[in-house]
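Please read this briefing with the structure open beside it.

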Amino acid sequence: MRQSRGSEADVERRRRRVLQQVIDEGSVRITALAETLQVSTMTVHRDLANLESRRLLEKRRGRAVALPTVTVETATRFREDQQAGAKEAFAELLVREVSAGDTVLMDCGSTLFPLARRLGRIEGLTVLTNSLRVASLIGAAGAPGTEVVVLGGRYRPDFEACAGPETLRHLARVRATVAFSSPTAVDHARLFHPVQEWAELKAALREAAGRSVLAVDHTKFGRTATHGYGDASGYDLVVTDTATPEDQTAAIERLGVRVRAVPPTGPTGADTDTD
């Protein structure tokens with residue numbers, strides 16, 4: 001049986017295939033995964049151990065078992081390629097909310113990564129974020145006069161970001177022009193996240209800015225998670241895509257919040273098989 005010993009990107013791509021098959025089927029025998037991927041069972045065991053350590057699935061008696069989808073979506077690497085076309089369309093709209101010299105708050109949602117790339121080209125911004133990935137994307141562009149501040153706190157590698165009491169204390173001492181955030185789950189205007197620290201962080205981001213904008217694609221609607229952090233009423237604008245159910249957007253609009261629905265551009269599939 002051919003062994004797969006490729007680059008880190010190849011290994012991550014294979015793990016994404018493993019995870020996707022487990023999500024699709026709910027539970028898959030390890031021997032079946034090895035046969036599908038044409039690798040040894042030991043390779044699959046190593047892949048599953050990695051995915052389990054990142055709280056993306058569970059190993060049980062020779063099988064890999066899926067966790068709730070909402071939990072899977074908390075891992076940055078596995079979220080980044082999801083709904084890529086919608087995220088690019090959001091970024092084209094969201095960047096218009098920012099002007100040179102603004103102070104901008106951003107959370108660690110992968111929905112905001114394309115926006116971060118665009119903000120990196122605007123001069124004179126001060127960007128505060130708990131996300132090391134967002135900080136890197138903006139800093140790499142090197143726009144004159146732009147400063148990036150990472151909100152401190154306990155680092156979580158699965159989110160590639162910080163959260164916790166220290167992060168909240170830092171947020172309490174700042175005031176931004178505009179804050180951008182993305183929820184994990186939304187149901188009739190109520191917002192949810194599976195991790196309490198992140199639910200508290202997202203609520204604090206909203207309070208620390210003069211204007212707050214929520215970006216969320218249609219796959220996040222009609223779902224809940226363990227920790228609620230209020231509803232959309234504290235936001236000035238919600239940006240979503242045209243596939244979002246009308247009853248969900250109507251619930252937000254009834255709170256007096258403006259909703260913009262944009263058609264996605266480019267690939268929108270669950271896995272574009274890129275890194």
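Glutamate 58 and arginine 60 form a salt bridge, with their closest N and O atoms 2.5 Å apart. A salt bridge here is a side-chain nitrogen of Lys or Arg within 4 Å of a carboxyl oxygen of Asp or Glu. The model is predicted: local features need pLDDT of at least 70, side-chain atom pairs count only at pLDDT 80 or more, and totals for chains, interfaces and linings use all residues. Residues are numbered from 1 along each chain as its sequence is written, and side-chain values use heavy atoms, with hydrogens and water left out.

**Salt bridges**

- The structure holds ten salt bridges.
- Glutamate 58 is partly exposed, at 28% relative accessible area, and arginine 60 is partly exposed at 47%. Buried means under 20% relative accessible area, exposed means over 50%, and partly exposed lies in between (1.4 Å probe, protein chains only).
- Arginine 15 forms a salt bridge with aspartate 47, and the closest N and O atoms are 3.1 Å apart. Arginine 15 lies in helix α1 and aspartate 47 in helix α3 (residues 41-53), so this pair ties together parts that are 32 residues apart in sequence. Helices (H or I, at least four residues) and strands (E, at least two) are DSSP runs, numbered from the N terminus.
- Both arginine 15 and aspartate 47 are buried.
- Arg14, Arg15 and Asp47 are linked in a network of salt bridges.
- Arginine 211 meets glutamate 97 in a salt bridge of 3.0 Å, N to O. This pair links distant parts of the chain, 114 residues apart: arginine 211 is in strand β12 (residues 209-215) and glutamate 97 in the loop between α6 (84-94) and β4.
- Arginine 211 is partly exposed, with 29% relative accessibility.

**The sheet of three strands**

- An open sheet of three strands has the order β1-β3-β2, and its pairing is antiparallel. Two strands pair if DSSP finds at least two bridges between them.
- β1 (27-29) and β2 (57-60) are at the edges with a single partner strand each, so one side of each has no neighbour in the sheet.
- Neighbouring strands of this sheet are turned by 25° against each other on average, direction ignored. Axes are lines fitted to C-alpha atoms, for helices over the stretch in contact, and angles run from 0 to 180 degrees between N-to-C directions.
- Four bridges pair β2 with strand β3 (residues 63-66) in the antiparallel sense. Leucine 57 has alanine 66 in β3 as its bridge partner.
- Helix α2 (residues 30-37) packs on the sheet and touches β1, β2 and β3, with its direction at about 75° to that of β1. Contact means heavy atoms within 4.5 Å.
- Helix α1 (residues 8-25) also lies across β1, β2 and β3, and runs at about 120° to β1.

**The sheet of seven strands**

- Seven strands make an open sheet with parallel pairing, in the order β6-β5-β4-β9-β12-β14-β15.
- β6 (147-150) and β15 (258-262) are the edge strands, and each pairs on one side only.
- The twist from one strand to the next averages 20°.
- Strand β4 (residues 103-106) and strand β5 (residues 126-129) run parallel and are joined by four bridges. Threonine 103 stands opposite threonine 126 in β5.
- From β4 the chain crosses through helix α7 (residues 113-119) to β5, and this β-α-β crossover is right-handed. Right-handed means that, with the strands pointing away from the viewer, the path from the first strand over the helix to the second runs clockwise.
- β4 is also joined to strand β9 (residues 176-181) by three bridges, and the two run parallel. Valine 104 has valine 178 as its bridge partner in β9.
- Strand β14 (residues 237-241) runs parallel to β15 and is joined to β15 by five bridges. Aspartate 241 has valine 262 as its bridge partner in β15.
- α6 lies across β9, β12, β14 and β15, and runs at about 145° to β14.

**The aromatic pair**

- A search of the whole structure finds one aromatic pair. Rings of Phe, Tyr and Trp (its six-membered ring) pair if their centres lie within 6.5 Å; planes under 30 degrees apart count as stacked, over 60 as edge-to-face and the rest as tilted.
- Phenylalanine 159 and tryptophan 198 form this pair, which is stacked, at 4.0 Å centre to centre with 15° between the planes.
- Phenylalanine 159 is in the loop between β7 (154-156) and β8 (161-163) and tryptophan 198 in helix α10 (residues 196-207), so the pair ties together parts 39 residues apart in sequence.
- Phenylalanine 159 is buried at 2% relative accessible area, and tryptophan 198 is buried at 0%.
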